[in-house]
Amino acid sequence: DMSTPTKPGALEAHEAPTDQDEAAPARSPLERFGLQGKALDIGNWIAVAVGIYLLITAVSVIGDGFKAATGGQAEELFAFASNPLIALMIGVLATALIQSSSTVTSITVGLVAGGLPMATAIPMLMGANIGTTLTSTLVSLGMVRQKEDFRRAFAAASVHDFFNLLAVVIFLPLEMMFGLLDRTSTFLADQLAGSDGGIFATIFAGIGTAVTTVTDPLADLIGLIGDVLPEPWGGILLILIGIGLILGVINFIGVLLKVVMVGKAKQVLHNAIGRGPLSGILSGTLITVMVQSSSTTTSLMVPLAGSGTFSLKQVYPFTLGANIGTTITALIAAFAFTGIEARLALQAALVHLLFNLFATILIYGLPFLRNIPVFGATTLARLGSENKLYIAGWVLGVFLALPALLIFLTVIL
């Protein structure tokens, strides 16, 4: 039974097969330059700082490029995505293909600062939450040859899918009817970055100005590349450069943080075992902030669940914490802007954070909702362990076929 609490000593019993990362530790790219020991540790952290600098610069470049490409007519350009369901599917498909919600949310923050309507951005950010769950699902396929291990691993991975799908089913209609996330994020962004937000806005504006003072020179230098081409092609080129930079930088930061933080992340994870759901959520959040990747957090969990080290009910809160922790990247990206652009960028980042917080509080807080993802995950895992076609249908249908079909139908109709 996957919901049975872990017995004392279970961790030690399964240490060997699940701790593969320690057997083959991640290697820093800086080792190629002959760095080792203390110099390598310092170099890794400097490289992380440079990566964050490049991330903020890249988001700024996307904002500038989008503004240039659309000539201030972003609303008309994204008219095809004015249907919230289509915007949602764009978020799902983009994240499933890129395999990083951090990348998609950072790009979205830049687009919003460049004029993307918030009504389009909000469903896209929700869609990124669904798309990112594909990673842990794919990790679970590594156990496909051991039926029982695979059943446990796939249930642990797909509970993330079901939770995020349920969150969208609840909050997208609420957003369309009442503008819950739009109103809440607008209020908070005004307090933190608005002209009349008092001390918080002053502090945020000061940090934003300091950051943009450092990042603007490189962003302006990259912007000169766009000036070579006539509009909208120059702006489109800048968007592509910005997206390419974000893809590379987030992957680079992820590798470095995996080297310097995964050991600490595992320690946090092991210390939180058996201490209740709140501890699980908090540690999942902390681990994801530490490694800057919800995919890494969930990928750490899935093999441990598959081996029986953790039960599904222990894994479940960790995945919710991963949802919350991954929003830090978009919040960092918001510092790429000043003035009204900063308020819009921050609002987009806050939408992602608030969506995950509200979903966790509502769904996990209400027992009748809390058990729906667990039931869905255990049912699908049981069916999938008997017949792999269920797994193929789920993965291809939810993450690729359905989003692509809806987007295609909207474009041609």
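Is threonine 329 buried or exposed? At 2% relative accessibility, threonine 329 counts as buried, where buried means under 20% relative accessible area, exposed over 50%, and partly exposed in between, with a 1.4 Å probe and protein chains only. The model is predicted, so that local features need a pLDDT of at least 70 and side-chain atom pairs count only at pLDDT 80 or more, whereas totals for chains, interfaces and linings use all residues. Residues are numbered from 1 along each chain as its sequence is written, and side-chain values use heavy atoms, with hydrogens and water left out.

The protein chain has 413 residues, of which 54% are buried. It contains 20 helices and 0 strands; helices (H or I, at least four residues) and strands (E, at least two) are DSSP runs, numbered from the N terminus. Among contacts in the chain with a separation of 6 or more, 81% are made by residues 24 or more positions apart, a contact being heavy atoms within 4.5 Å. The accessible surface of the chain is about 17,900 Å², and carbon and sulfur atoms hold 69% of this area; such areas come from the Shrake-Rupley method with a 1.4 Å probe, and for residues only the protein chains shown count as cover.

Helix H4, residues 37-70, has 34 residues and reaches 49 Å from its first C-alpha to its last, close to the 50 Å expected at 1.5 Å a residue. The expected span is 1.5 Å times one less than the number of residues. Glycine 71 follows H4 and has a positive phi, near 55°. Helix H10 has 32 residues and extends 45 Å between its first and last C-alpha, close to an expected 46 Å. H10 bends by about 25° at alanine 157, the bend being the angle between axes fitted to the seven residues ending there and the seven starting there. Just after H10, glycine 179 adopts a positive phi of about 60°.

The interior comes next. In soluble globular proteins, nonpolar side chains tend to be buried together. Here the largest nonpolar core holds 108 residues, and Val109, Met126 and Ile363 touch the most other members. Helix H10, residues 147-178, supplies the largest share of this core, 15 residues. A nonpolar core is a set of buried Ala, Val, Leu, Ile, Met, Phe, Trp, Tyr and Cys residues joined through side-chain atoms within 4.5 Å. Beyond its neighbours within four places in sequence, valine 109 contacts residues including Val59, Phe337 and Ala349.

Threonine 108 is found in helix H7, residues 101-113, and counts as buried because its relative accessibility is 1%. With residues up to four places away in sequence set aside, threonine 108 touches Leu116, Ala121, Met124 and Leu125.

Threonine 329, in helix H17, residues 328-333, has a side chain joined to that of serine 102 by a polar contact of 3.4 Å. A polar contact is a pair of N or O atoms within 3.5 Å; within protein, one must be able to donate a hydrogen and the other to accept it, and residues adjacent in sequence count only if both atoms are side-chain atoms. Outside four places in sequence, threonine 329 also touches residues including Leu55, Ile250 and Gln292.

Threonine 288 lies in helix H14, residues 277-291, and is buried, with a relative accessible area of 0%. A polar atom of its side chain is 2.7 Å from the backbone oxygen of glycine 284.
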